[in-house]
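The entries below follow the order in which I looked things up.

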Amino acid sequence: MTGAQMRKFLVILDDSHECLNAMRFAAMRAANSGGGVVILSVIPAEEIQHGFGVADVMRAEAHERIEAHYEVFAKWMRSRPKVEPELIIREGDPAEELMKVVAEDPKIGIVVIGLSSEKSAQNPLLTRLLRDVTALSCPITLVPGDMSKERLEAIT
């Protein structure tokens, strides 16, 4: 697929361990299908305190941290699977922002979410998406966080 038909894989960038496998999966699937990768990072509204310029400083620090984290993944994507990722940074509720990004970009064909291997781990984003699954206009792919690189390569 190329040009106007290119499918994009949307993956969430956060501080979780399982994010790594979701990134790998999205990049490898995009490379193998001629698609692209959109990396979404959402700054929760409660992390930005308001008043006397503090919000601007906190916002700038969050953007710096996200961009540094993104560059680690982007460097690998550019060199190995040969995919040029796109970064989107939003503020607000992660599930709501994800749904907005999907609605805004008709080329997004799959949302990729990493799953923790810990049975007690909570995934508020996934919980929220599954509560209103009809709000998304594309499928969700769940990637186990403890899946080996070899297994990821085999299935992509």
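Where does Ala-103 lie? I found Ala-103 in helix 3. Helices here are DSSP runs of H or I with at least four residues, strands are runs of E with at least two, and both are numbered from the N terminus.

Before going on, I note that this is a predicted model, in which local features need pLDDT of at least 70, side-chain atom pairs count only at pLDDT 80 or more, and totals for chains, interfaces and linings use all residues. Residues are numbered from 1 along each chain as its sequence is written, and side-chain values use heavy atoms, with hydrogens and water left out.

**Entry: helix 3.** Helix 3 covers residues 94-104, and its buried residues are Ala-95, Glu-97, Leu-98, Met-99, Val-101 and Val-102. I asked what covers them, and the list includes strand 1, strand 2, strand 3 (86-91), strand 4 and helix 4 (124-131).

**Entry: Glu-97.** Glu-97 is found in helix 3. Glu-97 is buried, with a relative accessible area of 7%. Leaving out residues up to four places away in sequence, I list its contacts as Leu-40, Val-42, Arg-90, Glu-91 and Gly-92; contact means heavy atoms within 4.5 Å. Glu-97 and Val-72 are 25 residues apart in sequence, and I read 23 Å between their C-alpha atoms.

**Entry: Val-42.** I followed the contact from Glu-97 to Val-42, which is found in strand 2. Val-42 is buried at 16% relative accessible area. Val-42 touches Arg-90, Glu-91, Gly-92, Asp-93, Pro-94 and Glu-97, again not counting residues up to four places away in sequence. For Asp-93, 51 residues from Val-42 along the chain, the C-alpha separation is 7.3 Å.

**Entry: helix 3 against helix 4.** At what angle do the axes of helix 3 and helix 4 cross? They cross at roughly 60 degrees and come within 9 Å. Axes are lines fitted to C-alpha atoms, for helices over the stretch in contact, and angles run from 0 to 180 degrees between N-to-C directions. That makes helix 3 oblique to helix 4: angles under 35 degrees count as roughly parallel, over 145 as roughly antiparallel, 65 to 115 as roughly perpendicular, and the rest as oblique. On the helix 3 side I noted Pro-94, Ala-95, Glu-96, Leu-98 and Met-99, which meet Leu-125, Arg-128 and Leu-129 in helix 4. These residues divide into 6 nonpolar, no polar and 2 charged. In that count Ala, Val, Leu, Ile, Met, Phe, Trp, Tyr, Cys and Pro are nonpolar, Asp, Glu, Lys and Arg are charged, and the others, Gly among them, are polar.

**Entry: helix 1 against helix 2.** The axes of helix 1 and helix 2 come within 11 Å and cross at roughly 30 degrees. The two helices are therefore roughly parallel to each other. Helix 1 contributes Cys-19, Leu-20, Met-23, Arg-24, Ala-27 and Met-28 to the contact, and helix 2 contributes Phe-73, Trp-76 and Met-77. I sorted the residues of this contact into 8 nonpolar, no polar and 1 charged.

**Entry: the largest nonpolar core.** Which residues touch the most other members of this core? Of its 27 residues, they are Val-11, Leu-13, Met-23, Val-37, Ile-39, Met-77 and Val-112. A nonpolar core is a set of buried Ala, Val, Leu, Ile, Met, Phe, Trp, Tyr and Cys residues joined through side-chain atoms within 4.5 Å. Strand 1 (8-12), helix 1 (19-33), strand 2 (36-43), helix 2 (54-79) and strand 4 (108-115) each supply at least two of its residues. Helix 1 gives the most, with 8 residues. I also noted a second, separate core of 19 residues, including Leu-10, Ile-12, Val-111 and Cys-138.

Methods:
Buried < 20%, exposed > 50% of the residue type's maximum accessible area, 1.4 Å probe, protein only.
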